[in-house]
Amino acid sequence: MALDFVEVHYGFGRHKQYLTPHQLQEFQKYTYGEWIQTFATLMWTKVSICLFLLRIPVTKWLIRPLQAALVILIVSNVILTILWIVQCRPVAAAWDESLKGVCFSKDQLRSIIFAQAIFSVVSDFSFAAYPILILWNVQMNWRTKIGLCCLMGLGVM
């Protein structure tokens, strides 16, 4: 969130043509950092949810998928974050156009962001639906069970 304030200071929301070269470079630098922060925030939020869900079930067939999801989340996010960080050689070429460097294409950067989005959406829906599996065999009347499943499934929103 703090990076958003800095980005606004350096031109977020304004057309590129109205920014000085310094403002544009600083904006690009903080946007680069914001994506790293976004990847980390998404990962740690989902890891936290996964660790919370791991405390509920007692059977292996309910625990193993969560453990696998935890590993997949961490590995995929670490890889995508590293790819984002090393998108240019030297790294500063990602925001400083005066440096001569080799950078990923816009399509490759878009692919990194789309991959992150896919992992995020799939894990969101999976973690929102997971409590339904846990509650399915709990002995309570159907009306209460359906109400609880709907309430816990609100995470999809």
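1. Buried is used here for residues under 20% relative accessible area, exposed for those over 50%, and partly exposed for those in between (1.4 Å probe, protein chains only). The model is a predicted one, in which local features need pLDDT of at least 70 and side-chain atom pairs count only at pLDDT 80 or more, while totals for chains, interfaces and linings use all residues. Residues are numbered from 1 along each chain as its sequence is written, and side-chain values use heavy atoms, with hydrogens and water left out.

2. Helices (H or I, at least four residues) and strands (E, at least two) are DSSP runs numbered from the N terminus. Helix α2 covers residues 21–54, which is 34 residues, and reaches 50 Å from its first C-alpha to its last. That is close to the 50 Å expected at 1.5 Å a residue, where the expected span is 1.5 Å times one less than the number of residues. The buried residues of α2 are Gln23, Leu24, Glu26, Phe27, Tyr32, Glu34, Phe39, Met43, Lys46, Val47, Cys50 and Leu53.

3. Helix α3 has 26 residues, which should span 38 Å at 1.5 Å a residue; its end C-alpha atoms are 37 Å apart, in agreement. Its buried residues include Leu62, Ile63, Leu66, Ala69, Leu70 and Leu73. Among what covers the buried residues of α3 are α2 and α4 (106–135).

4. The axes of α2 and α3 lie 10 Å apart, and the two helices pack at an angle of about 170 degrees. Axes are lines fitted to C-alpha atoms, for helices over the stretch in contact, and angles run from 0 to 180 degrees between N-to-C directions. The angle therefore makes α2 roughly antiparallel to α3 (over 145 degrees; under 35 is roughly parallel, 65 to 115 roughly perpendicular, the rest oblique). Residues of α2 in the contact (heavy atoms within 4.5 Å) include Tyr32, Trp35, Ile36, Phe39 and Met43, and those of α3 include Ile63, Leu66, Gln67, Leu70 and Leu73. The contact residues divide into 18 nonpolar, 3 polar and 1 charged. In this count Ala, Val, Leu, Ile, Met, Phe, Trp, Tyr, Cys and Pro are nonpolar, Asp, Glu, Lys and Arg are charged, and the others, Gly among them, are polar.

5. Met43 is buried, with a relative accessible area of 7%. Not counting residues up to four places away in sequence, Met43 touches Leu73, Ile74 and Asn77. Met43 and Asn77 are 34 residues apart in sequence, yet their C-alpha atoms are 6.4 Å apart. Ser48, also in helix α2, is partly exposed at 45% relative accessibility.

6. Ser76 belongs to helix α3 (residues 60–85) and is buried at 8% relative accessibility. Its side chain reaches the backbone oxygen of Leu73 at 3.2 Å.

7. Lys145 is in helix α5 (residues 142–152). With 6% relative accessibility, Lys145 counts as buried. Leaving aside neighbours within four places in sequence, Lys145 is in contact with Leu135, Trp136, Asn137, Val138 and Met140. Lys145 and Phe127 are 18 residues apart in sequence and 18 Å apart in space, C-alpha to C-alpha.

8. The peptide bond from Arg89 to Pro90 is cis, with omega near 0 degrees. Pro90 is placed in the loop between β1 (88–89) and β2 (102–103).

How values were computed: A polar contact is a pair of N or O atoms within 3.5 Å; within protein, one must be able to donate a hydrogen and the other to accept it, and residues adjacent in sequence count only if both atoms are side-chain atoms.
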